[in-house]
Structures are given as structure tokens and as C-alpha cells.
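Please examine the sequence and the structure shown below.

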Amino acid sequence: MENCRFIKMLLVGTVCSSLFFYFNSEVHAESTENNIDDMVTQTIQHAYYYVDGIEYEVPKNQINDFINGSLTVDLPYDIENESLTNKESTPEGQPCANVCIAGNAFDGTRTSSGFTLGKSGTRVINKTNKPITETSELSSTATVSGTITGSGGFDWKVIEATVGFEIGGSYSWTTSQATTITVDPGYWGWIDYGAHTETWKGNYYHLTESCNQSNKRYITVKGPKYKAKLAKTEKYPY
């Protein structure tokens with residue numbers, strides 16, 4: 001009898017342990033399946049920038065560099081804005097027999113460039129079985145402006161002649177300029193509206209006729225060089 005009781009207790013224990021393991025396995029599997037963070041993958045479908053109103057698409061293999069704010073990137077159609085380069089008002093700063101052209105100067109160099117977001121458009125959700133194309137709308141104007149980090153007044157034209165963009169200017173996307181995006185089934189997508197900006201750092205100073213530098217200040221200049229946008233998509237998480 002004692003042996004029978006032992007065997008019954010052993011069988012009951014084994015069954016209970018099996019059921020416990022089974023239900024815990026099911027719960028764990030459900031939890032993993034519903035882990036949204038594991039499934040969501042965001043990608044940049046396309047990147048564009050605009051020169052004199054003409055749209056250029058960034059090559060696929062250069063998109064990461066285009067958005068990375070810690071790199072310096074030369075765009076395929078990167079041009080100098082001649083209206084910002086005024087040779088007459090920009091001091092050459094080159095001594096000739098110890099004589100320089102007096103005026104303000106900026107010896108800055110470009111340290112980084114990348115995409116700066118103005119505003120994200122509305123998200124287009126595709127719950128169909130075919131790709132859809134709809135407008136990623138803007139609720140208000142998206143603007144990216146330039147800045148100077150440093151104390152005192154500056155001759156912006158001198159700085160702009162070096163950096164090649166308007167520091168006091170800006171690029172804006174209006175609500176009527178919102179564009180479309182194509183989204184695959186099971187995904188949602190949107191447009192990031194902004195600009196491709198550059199950061200320059202260096203010394204701003206006044207150059208005397210005897211080639212001396214006075215009132216020298218180290219400044220950081222950041223500004224939008226080209227209007228730009230990104231088309232983004234990711235797995236729809238719901």
C-alpha cells in the first residue's frame with residue numbers, strides 16, 4: 001500500500017510539473033510574440049534636397065552620411081551661391097609687403113553637416129494588401145533657421161561669404177508643399193520636412209592694414225544650406 005501511495009504521489013507531481021511548464025511556456029511565447037519593440041524597424045525610404053528649386057535624390061549608399069550630423073558631406077550637386085560671395089566686401093587678408101586690406105574676417109572651417117528636422121508630417125497607415133500612396137500632411141509651416149554661437153556683433157556677409165549659406169535666412173515647408181509617400185502593406189510612413197544644415201567653427205576678427213588681428217572671437221555658425229526632406233517607413237506596430 002505504501003508503494004502504491006508513493007507511485008500515485010509521484011505521478012501527480014509529474015503531471016502538475018508538466019502542466020506548470022506547459023502553461024508557463026505558452027505565456028512566455030505569447031509575451032515574445034506581442035513584444036512590439038522587437039518587431040519595429042524604421043528605415044529611410046528616400047532622401048531629397050533642393051538646389052535653386054530643383055529636386056535631387058540622395059543616392060541610397062549616401063543617405064546615412066546625409067543625415068549624420070557628425071560628418072562633413074559633399075553633396076553630388078553641391079554648388080556655391082554666388083549671391084553670397086561678394087569679393088569687394090570680403091577682406092582678402094593676404095599681406096603684401098606687410099600691408100593687408102582692413103576689415104572683418106572669418107577663418108572658419110566646416111566641421112559637420114546633416115539633416116535638421118523642421119517638422120514631421122502625418123503618418124500614412126497601410127492596412128491593405130497593396131502599396132498605397134498618400135500625402136504626409138503638415139499641420140503648420142516647418143522652418144529651419146541659422147544660428148551663431150558667440151558674443152558681440154558680426155558682419156554676417158563676411159561669414160556668409162565663407163560658409164556659403166544665409167545665416168539670417170531660413171528654409172520653410174508650408175502646408176501646401178506637403179508631399180506624398182508610398183507605404184507597403186503592414187507599414188506606416190511619413191515625411192520629415194527640414195533642411196540640410198552645415199556647422200562651421202573658427203575665429204572671427206578684425207584685420208588691420210598692418211595685418212594685425214584684433215577683437216578675435218571663436219564662434220560656431222550653423223545654418224541651412226539646402227531645403228531637404230526624408231521619406232520614412234516602419235512596421236506598423238498594432
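In which strand is the place of His 196? His 196 has its place in strand β11. Strands (E, at least two residues) and helices (H or I, at least four) are DSSP runs, numbered from the N terminus.

This is a predicted model, in which local features need pLDDT of at least 70 and side-chain atom pairs count only at pLDDT 80 or more, while totals for chains, interfaces and linings use all residues. Residues are numbered from 1 along each chain as its sequence is written, and side-chain values use heavy atoms, with hydrogens and water left out.

His 196 counts as buried because its relative accessibility is 1%. The term buried means under 20% relative accessible area, exposed means over 50%, and partly exposed lies in between (1.4 Å probe, protein chains only). Contact, in turn, means heavy atoms within 4.5 Å. Leaving out residues up to four places away in sequence, His 196 touches Phe 66, Leu 75, Ser 113, Gly 114, Phe 115, Gly 223, Pro 224, Lys 225, Tyr 226 and Ala 228. His 196 and Ile 67 are 129 residues apart in sequence, yet their C-alpha atoms are 8.0 Å apart in space.

Thr 199 is also found in strand β11, which covers residues 187–207. With a relative accessible area of 11%, Thr 199 is buried. Its contacts, not counting residues up to four places away in sequence, are Thr 109, Arg 110, Thr 111, Ser 112, Thr 220, Val 221 and Lys 222.

Asp 155 is found in the loop between β8 (147–149) and α4 (156–163). Its relative accessibility is 29%, so Asp 155 counts as partly exposed. When neighbours within four places in sequence are set aside, Asp 155 is in contact with Asn 104 and Tyr 204. A separation of 9.5 Å lies between the C-alpha atoms of Asp 155 and Phe 106, which are 49 residues apart along the chain.

Within α4 itself, the residues Val 158, Ile 159, Glu 160, Ala 161 and Val 163 are buried. Against which strands do the buried residues of α4 pack? They pack against β3 (103–106), β8, β11 and β12 (213–235). After α4 comes Gly 164, whose phi is positive, near 85 degrees.

Most residues other than glycine have a negative phi. Asp 52 is not a glycine, but it has a positive phi of about 55 degrees. Asp 52 is found in the loop between β1 (42–51) and β2 (54–57), and it is exposed, with a relative accessible area of 71%. Asn 215, likewise not a glycine, has a positive phi of about 50 degrees. Asn 215 lies in strand β12 and is exposed, its relative accessible area being 54%.

**Salt bridges**

A salt bridge is a side-chain nitrogen of Lys or Arg within 4 Å of a carboxyl oxygen of Asp or Glu. How many salt bridges does this rule give? The count comes to 4 salt bridges.

| Residue with nitrogen | Residue with oxygen | N to O distance |
|---|---|---|
| Arg 110 | Glu 198 | 3.2 Å |
| Arg 123 | Glu 234 | 3.0 Å |
| Lys 232 | Asp 192 | 3.0 Å |

Glu 198 forms a salt bridge with Arg 110. This pair links distant parts of the chain, with Glu 198 in strand β11 and Arg 110 in strand β4 (residues 109–120), 88 residues apart. Glu 198 is buried, with a relative accessible area of 2%, whereas Arg 110 counts as partly exposed at 23% relative accessibility.

The side chains of Arg 123 and Glu 234 also meet in a salt bridge. Here too distant parts of the chain are linked: Arg 123 is in the loop between β4 and β5 (124–125), and Glu 234 is in strand β12, 111 residues apart. Arg 123 counts as partly exposed at 40% relative accessibility, while Glu 234 counts as buried at 8%.

A further salt bridge joins the side chains of Lys 232 and Asp 192. Lys 232 lies in strand β12 and Asp 192 in strand β11, so the pair ties together parts that are 40 residues apart in sequence. Both partners are buried: Lys 232 has a relative accessible area of 14%, and Asp 192 has one of 4%. Finally, salt bridges that share partners join Arg 110, Glu 198 and Lys 225 into one network.
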